[in-house]
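Hello,

I am handing over the structure we talked about. Please open it alongside these notes.

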Amino acid sequence: TECISGCVCPEGLFDDGRGGCVEQKDCPCVHNNEWYSSGEKIKVDCNTCTCQKGVWKCTDNVCYGTCMIYGSGHYNTFDGKFYDFDGSCEYVATQDFCGDKNSSGSFSIITENVPCGTTGVTCSKAIKMFLGKTELKLENKEYKEIQRDVGDDVRYWNRTVGLYLVIEASNGVMLIWDKKTTVFIKLSPDYKGKVCGLCGNFDDKANNDFTTRSGLLESNALNFGNSWKQSPMCPDVTQEIKPCDLKPHRKSWAEKECSIIQSEVFKICHSKVNPLPFYEACVHDACSCDSGGDCECFCSAVAAYAQECIKAEACVFWRTPDICPIFCDYYN
């Protein structure tokens with residue numbers, strides 16, 4: 001449309017987007033606004049992608065799904081939908097008892113939420129994991145096993161890995177708990193589209209994750225969350241709590257502390273995992289934890305982002321003696 005002074009590539013060569021001319025076989029690829037040369041590999045979830053002639057060629061392994069519940073009511077579903085839900089009750093995080101007449105289901109994971117702080121937001125206090133006839137209750141940094149009379153025998157193993165307690169079951173369910181308010185639930189690909197609860201349905205589509213207990217598709221996170229409560233006696237959540245509006249004097253402190261997520265420290269991760277929802281969740285938590293444990297809420301929120309960065313192969317060393325230190329000798 002207009003005449004621009006500059007260079008064009010000789011015939012047979014292509015502009016590589018970086019000011020050079022290359023043969024077609026050497027064309028680079030783009031992923032999350034970063035350029036990769038031909039032959040370079042990246043990992044996306046559990047698959048490896050190789051840049052070939054400007055196009056990504058990926059392996060097609062079926063990956064485990066991960067749902068994350070952390071801090072004061074933040075959920076990231078198996079299909080990657082982010083939402084907040086602050087209810088004080090027991091809720092179904094995920095289960096495979098989903099109304100299909102043919103399957104009886106083999107597991108369910110319940111999260112018990114209690115108020116943390118004075119603004120009314122809630123944190124996960126205890127997790128119940130039902131595996132066949134075994135019930136595991138994770139609370140107060142430890143877990144108890146209760147044997148029930150009904151159900152199949154599902155074997156499971158537990159081990160401690162660093163800060164986390166990991167429970168792995170023979171039916172392809174894994175639970176990772178930081179012994180505070182963060183829970184990761186991993187499911188094998190066999191469960192795709194066969195689970196329900198606050199973690200969504202694991203069918204690779206985020207837009208239908210808000211399916212209620214009765215099978216209706218909701219647009220509102222509160223109606224969706226309320227449908228998964230275990231006891232009809234619990235009150236419904238009617239409004240979203242904004243703790244920073246209720247405690248404005250904490251807001252600037254929260255924003256200052258949480259800015260680490262958007263800072264240079266995490267720069268390597270920004271193009272791989274969007275920091276914004278994690279930053280907003282961090283500010284929300286730092287405002288709300290006003291009855292002790294301020295730092296714990298802040299650290300859990302930053303750790304949740306760091307964890308997603310590691311999954312995307314961006315390793316960030318963000319803990320320092322001043323920011324959320326961990327006594328490694330103790331955990332080793």
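**The cavity**

Asp84, Phe85, Asp86, Leu222, Val237, Gln239, Glu240, Ile241 and His284 line the largest cavity. A cavity is a set of points on a 1 Å grid over the protein atoms alone where a 1.4 Å probe fits but cannot get out, and lining residues have an atom within 4 Å of a point. The volume of the largest cavity is about 70 Å³, a volume being the space filled by probe spheres set on the points. Its lining has four nonpolar, two polar and three charged residues.

This is a predicted model: local features need pLDDT of at least 70, side-chain atom pairs count only at pLDDT 80 or more, and totals for chains, interfaces and linings use all residues. Numbering starts from 1 along each chain as its sequence is written, and side-chain values use heavy atoms, without hydrogens and water.

**The pocket**

A pocket is an open set with protein on both sides within 12 Å along at least five of seven lines. The largest pocket has a volume of about 860 Å³. Its lining counts 32 residues, with Asp45, Lys272, Val273, Glu308 and Lys311 nearest the centre.

**The sheet**

Five strands form an open antiparallel sheet in the order E11-E12-E13-E14-E15. Strands are DSSP runs (E, at least two residues), and two pair if DSSP finds at least two bridges between them. E11 (90-95) and E15 (142-147) are the edge strands, each with a single partner strand, so one side of each has no neighbour in the sheet. Six bridges join E14 (134-139) to E15. Leucine 138 has tyrosine 143 of E15 as its bridge partner.

Best wishes

Terms used:
Helices (H or I, at least four residues) and strands (E, at least two) are DSSP runs, numbered from the N terminus. Ala, Val, Leu, Ile, Met, Phe, Trp, Tyr, Cys and Pro count as nonpolar, Asp, Glu, Lys and Arg as charged, and the others, Gly among them, as polar.
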